Amino acid sequence: MQTIRKFAAASMLAALSAGSTAQADGTVEVLHWWTSGGEAKAVGTLKEAFEAQGGTWNDSPIAGGGGDAAMTALRARVVAGNPPTAVQLKGPGIQEWAQQGALNDVQAVADAEDWDAVLPPVLAEIMKYDGDYVAAPVNIHRVDWMWANPEALAKAGISEMPTTWDEFNAAADKLMAAGITPLAHGGQPWQDATLFEDVVLGVGGADFYRAALVDLDQEALTSDTMVAAFDQLRKLRGYVDPNFPGRDWNLATAMVMRGEAAFQIMGDWAKGEFLAAGKVPGEDFLCAPTPGAGFVLNSDSFTFFKVSGDDNLKGQQVLASLIMSPDFQKTFNLAKGSIPARTDVPLDDFDVCAKKSHADLLAAIENDSLVPSMAHEMAIPRSVRGEFLDLVTEFFNSEMSSEDAVQRLSEAVARAM
Ligand code: GAL
């Protein structure tokens, strides 16, 4: 069986690389949430590559950063018995859908192209169910990034990017005094959770992050370190402008571009926005990891739902192969702000922030400080993540004390497990 699959995929891929549009077509309906400037540009590169092979691409974008709206739409489609052919999905969510028998595998393509040899093992594991690939990864995003407008910093007399939370707070106080909003932020649960997890890593370190946000250890969740993390989150709340509720993340990025705000704490999809607006890293905007040591991993991937019909099935195989092609991984990630999921794509044409991301990723693997993003669905089941998002958002939008937050969070997590 394995050999037959391998052979079938190999002949299809040979047709693909020979540029034979007659054989390498197929149809896909792609459900994704990439609707901001940088995101749309990035997903556009996949659409173009698929169409260039003679395929038909039906676009199903569901607006809403972080993908919560897209996941609700996906569930409705599956319940209605009409799943899309390909879906932007990641982390444990892949396993959850696979367990329900909702996914097709693309193992034949993975065998023919030896994906195991070119993906970091940690990522390959996430893409597989029962030993077979059911998803193809497009990138490696880093969540613990801080973006800044150098002119805004200069106006407040800040010459260096902060490397500790105390330095961040001191810089933010200077910006406040200079009349500049220190932190551009959008008050949406996933964005609040993004701030929170970066702070947890910075305040507690990678082992603490893992204990609290991955292993859901009650001792870690109720610890003084967690109280200190909420204290820092409370500080950050004081540095956002009054119009933050509900704001989309890309509009927060635009505030930094315009110099209305100095910093944004956000994953490197924010860099995709800066780049799409023609901004140059190191000149128009600065990047630095958020204070602390480690790397918060987020990786986007596409899964292939159970659909029927030769054209759709072929579309899935062709799309999987395209996603993993080195050319696509390069073009896509140059636009998206991330780095390739494949380890063999040269980074020569990538910018200084991407190169730093890559170097820090290797260092984090080496010293065991690579942690999966809780906010971006890489760490824990959606149901438990939902408890974190609810609590963190309530904390951010109320006067709740850090002690109460820790207590309520630990209770909510215990209930959800
Ligand atoms: C993340 C996703 C990124 C980016 C971001 C904002 O969850 O992994 O690719 O799109 O949401 O929408």
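The crossing of helices α9 and α12 is left-handed, a term applied where the near helix is turned anticlockwise from the far one by less than a right angle. The structure is a predicted model, in which local features need pLDDT of at least 70 and side-chain atom pairs count only at pLDDT 80 or more, whereas totals for chains, interfaces and linings use all residues. Residues are numbered from 1 along each chain as its sequence is written, and side-chain values use heavy atoms, without hydrogens and water.

Helix α9 (residues 165-177) packs against helix α12 (residues 224-237) at an angle of about 20°, with the axes 11 Å apart. The two helices are therefore roughly parallel (angles under 35 degrees). Contact (heavy atoms within 4.5 Å) is made by W165, F168 and N169 of α9 and by Q232, K235 and L236 of α12.

Across the whole structure, 17 aromatic pairs were found, with ring centres of Phe, Tyr or Trp (its six-membered ring) within 6.5 Å. W97 and F305 form an edge-to-face pair (planes over 60 degrees apart), at 5.5 Å centre to centre and 70° between the planes. Because W97 lies in helix α4 and F305 in the loop between β13 and α15, this pair ties together parts 208 residues apart in sequence. W97 is buried, with a relative accessible area of 6% (buried means under 20%, with a 1.4 Å probe and protein chains only), and F305 is buried at 0%.

F230 and F395 also pair edge-to-face, at 4.9 Å centre to centre and 65° between the planes. F230 belongs to α12 and F395 to helix α18 (residues 382-396), so parts 165 residues apart in sequence are tied together.

Methods:
Axes fitted to C-alpha atoms, helices over the stretch in contact; angles between N-to-C directions. Helix = DSSP H or I, 4+ residues; strand = E, 2+ residues; numbered from the N terminus. Parallel < 35°, antiparallel > 145°, perpendicular 65-115°, else oblique. Phe/Tyr/Trp six-rings, centres within 6.5 Å; stacked < 30°, edge-to-face > 60°. Buried < 20%, exposed > 50% of the residue type's maximum accessible area, 1.4 Å probe, protein only.
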